[in-house]
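Keep the 3D view open and look up each residue as we reach it.

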Amino acid sequence: GAAAGGGGGAAEGGAKKKEKKEKPAKTSAPPVDEDPFVKARLTVARVVEVGHVENSDKLYCCQLEVGPGEMRQVVTGLRKFVPEEELKGRMVLAILNLKVAKLAGQVSEAMILATEAEVGGELSVKLVGVPADATIGDCVNAEGIAPPDVYPKECKSKFWDAVKDKLKVVGGKAMYDGKKLTCAAGPCSADPSVPDGSSIK
């Protein structure tokens, strides 16, 4: 009888240990209603260099300064829409933590955001404007959504697609789900020619 009792005690001990192990797993799981926007690291950046990509009339290969002394190479399809002289030296809105891509044999380590609209029957693509006194490396957040302490190393495409669905131009401003995209210097805006409801990609 005593041996069985001892066995029972061991089994109970085992059950308690199991419970302890499960609890931390539950608390570390992200809340289900977390907005995908918190996974996208949007930043004010400056286009330092603009080059052409061999065998492509659509792509630029740009060097972007995304923080003090931090450079990223970006391959962008803006060549047919934004003149080189307008892009070089321009402050832009960029996402820094998408998966590194290879376009036309060139590595692309970030993406420049632009508005897309049909104007006069033709596709019009314009850079998203950042405030005049914005600083390189400034974080860009959506009003009312608290930024995370640390952005994930990679914003997975399913999250970025969900964010892009809600990025629109409203009243001349760049918005996410009706909330203004802002940095420390103020809100990000659209080119005056861009109609309301245009998408931002």
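A bit of housekeeping comes before that. This is a predicted model, where local features need pLDDT of at least 70 and side-chain atom pairs count only at pLDDT 80 or more, while totals for chains, interfaces and linings use all residues. Residues are numbered from 1 along each chain as its sequence is written, and side-chain values use heavy atoms, with hydrogens and water left out.

The protein chain has three helices and 15 strands. Those elements are DSSP runs numbered from the N terminus: helices are H or I with at least four residues, and strands are E with at least two. Of the 201 residues in the protein chain, 38% are buried. Here, buried means under 20% relative accessible area, exposed means over 50%, and partly exposed is in between (1.4 Å probe, protein chains only). Now think about contacts, meaning heavy atoms within 4.5 Å. Among contacts in the protein chain with a separation of 6 or more, 64% are between residues 24 or more positions apart.

You'll find phenylalanine 37 in the loop between helix H1 (2-28) and E1. Is phenylalanine 37 buried or exposed? With a relative accessible area of 3%, phenylalanine 37 is buried. If you skip its neighbours within four places in sequence, phenylalanine 37 is in contact with residues including Leu42, Val140, Ile145 and Tyr176. Also, the C-alpha atoms of phenylalanine 37 and lysine 166 are separated by 9.6 Å, though these residues are 129 residues apart along the chain.

Next come the charged pairs. Side chains of opposite charge can pair when their charged atoms come close. A salt bridge is a side-chain nitrogen of Lys or Arg within 4 Å of a carboxyl oxygen of Asp or Glu. By that rule, the count is eight salt bridges. One of them joins lysine 39 to glutamate 34, with the closest N and O atoms 3.2 Å apart. Glutamate 34 has a relative accessible area of 34%, so this residue is partly exposed.

Another salt bridge brings together the side chains of arginine 46 and glutamate 65, at 3.8 Å from N to O. Because arginine 46 lies in strand E1 (residues 42-52) and glutamate 65 in strand E2 (residues 60-67), the pair ties together parts that are 19 residues apart in sequence. Arginine 46 is partly exposed at 29% relative accessibility, whereas glutamate 65 counts as buried at 18%.

Lysine 201 and glutamate 116 also meet through their side chains in a salt bridge (3.5 Å, N to O). This pair links distant parts of the chain, 85 residues apart: lysine 201 is in the segment after strand E15 (199-200), and glutamate 116 is in strand E8 (residues 114-119). There is a network of salt bridges as well, linking Lys166, Asp177 and Lys179.

Time to look at the cysteines. A disulfide is a pair of cysteine sulfur atoms within 2.5 Å. How many disulfides does a search of the whole structure find? That search finds zero. For cysteine 61, the nearest cysteine sulfur is that of cysteine 62, 6.9 Å away. For cysteine 188, the nearest cysteine sulfur belongs to cysteine 183, 5.3 Å away. On a 1 Å grid over the protein atoms alone, a pocket is an open set of points where a 1.4 Å probe fits, with protein on both sides within 12 Å along at least five of seven lines, and lining residues have an atom within 4 Å of a point. Grid points are joined across faces, edges and corners, and a volume is the space filled by probe spheres set on the points. The largest pocket has a volume of about 540 Å³. Of its 28 lining residues, the closest to the centre are Val75, Thr76, Leu103, Met111 and Ile112. Helix H3 (157-165) is among the elements that give two or more residues to this lining, and H3 provides the largest share, four residues.

Finally, check two backbone angles. Most residues other than glycine have a negative phi. Alanine 104, in the loop between E5 and strand E6 (106-108), has a positive phi of about 50°. Aspartate 177 has a positive phi near 55°, and sits in the loop between strand E12 (173-176) and strand E13 (179-183).
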